[in-house]
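Colleague: I am new to this structure and would like to learn how its side-chain features are read. Could we go through them one at a time?

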Amino acid sequence: MKNSQELFLPLQTLSTDVKTGNTDLTLTAGGSVLIQGARIKIGGEDSGVWLATLTDAGKLTEDESQWIKIDSAFVYNTPGKLMFTLPDSLVNGTKYKFVLRSHCLNWHSTKRLVETVSETVTIGGGSGSSD
């Protein structure tokens, strides 16, 4: 059984490449991405969505200045659905993890910044650079 704090954490369940319809974690540079889950609405100070670069071991790089912040407007930003456009400059074959940060209510009903990290996604196909 989950403790009461875990019940309020964001939960990402599905990432879809809108251009191709793929749900295999392969995304198109410059294409739209639909993330579905629970409690994933982005809002509040220091909130946002990032593509985090990975170490050779597949872990998030600690230097967040290497992460790519998603600056495009959200098409959807609801508790169950996020949709936005990826940068055109992403290189095919590069692997990332989405980092979602948002303020939510914890079990004490106070707002705090929480973070959730996706499975590894790969940029492939579409209009991205192949360098």
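## Rings and charges

Modeller: Let us begin with the aromatic rings in this predicted model, where the count comes to two aromatic pairs.

Colleague: How is a pair of rings described, and what is the geometry between Phe-74 and Phe-84?

Modeller: In general, a pair of aromatic rings is described by how far apart the centres are and by the angle of the planes. Here, Phe-74 and Phe-84 are arranged edge-to-face, with 6.0 Å from centre to centre and 85 degrees between the planes. Phe-74 belongs to the loop between β5 and β6 (76-78), while Phe-84 belongs to strand β7 (residues 81-85), so this pair ties together parts that are 10 residues apart in sequence.

Colleague: Turning to charges, how should I read a salt bridge, and how many salt bridges are counted?

Modeller: The general idea is that side chains of opposite charge can pair when their charged atoms come close. In this structure the count comes to two salt bridges. In one of them, the side chains of Arg-101 and Glu-64 meet at 2.8 Å, N to O. This pair links distant parts of the chain, since Arg-101 is in strand β8 (residues 95-105) and Glu-64 is in the loop between β4 (48-53) and β5 (68-69), 37 residues apart.

Colleague: What distance is found between the side chains of Glu-115 and Arg-101?

Modeller: Those two side chains meet in a salt bridge at 2.5 Å, N to O. Glu-115 lies in strand β9 (residues 111-126) and Arg-101 in strand β8, so the pair ties together parts 14 residues apart in sequence. Through shared partners, the salt bridges join Glu-64, Arg-101 and Glu-115 into one network.

Colleague: Is Arg-101 buried or exposed, and over which ring does its charged end sit?

Modeller: Arg-101 is buried because its relative accessible area, 13%, is under the 20% limit. Its charged end sits over the ring of Trp-50, 5.2 Å from the centre of that ring. Glu-64, by contrast, counts as partly exposed at 40% relative accessibility, and Glu-115 counts as partly exposed at 39%.

Definitions and conventions:
Residues are numbered from 1 along each chain as its sequence is written. This is a predicted model: local features need pLDDT of at least 70, side-chain atom pairs count only at pLDDT 80 or more; totals for chains, interfaces and linings use all residues. Side-chain values use heavy atoms; hydrogens and water are left out. A salt bridge is a side-chain nitrogen of Lys or Arg within 4 Å of a carboxyl oxygen of Asp or Glu. Helices (H or I, at least four residues) and strands (E, at least two) are DSSP runs, numbered from the N terminus. Buried means under 20% relative accessible area, exposed over 50%, partly exposed in between (1.4 Å probe, protein chains only). Rings of Phe, Tyr and Trp (its six-membered ring) pair if their centres lie within 6.5 Å; planes under 30 degrees apart count as stacked, over 60 as edge-to-face and the rest as tilted. A charge sits over a ring if NZ of Lys or CZ of Arg is within 6 Å of the ring centre and within 35 degrees of the ring normal.
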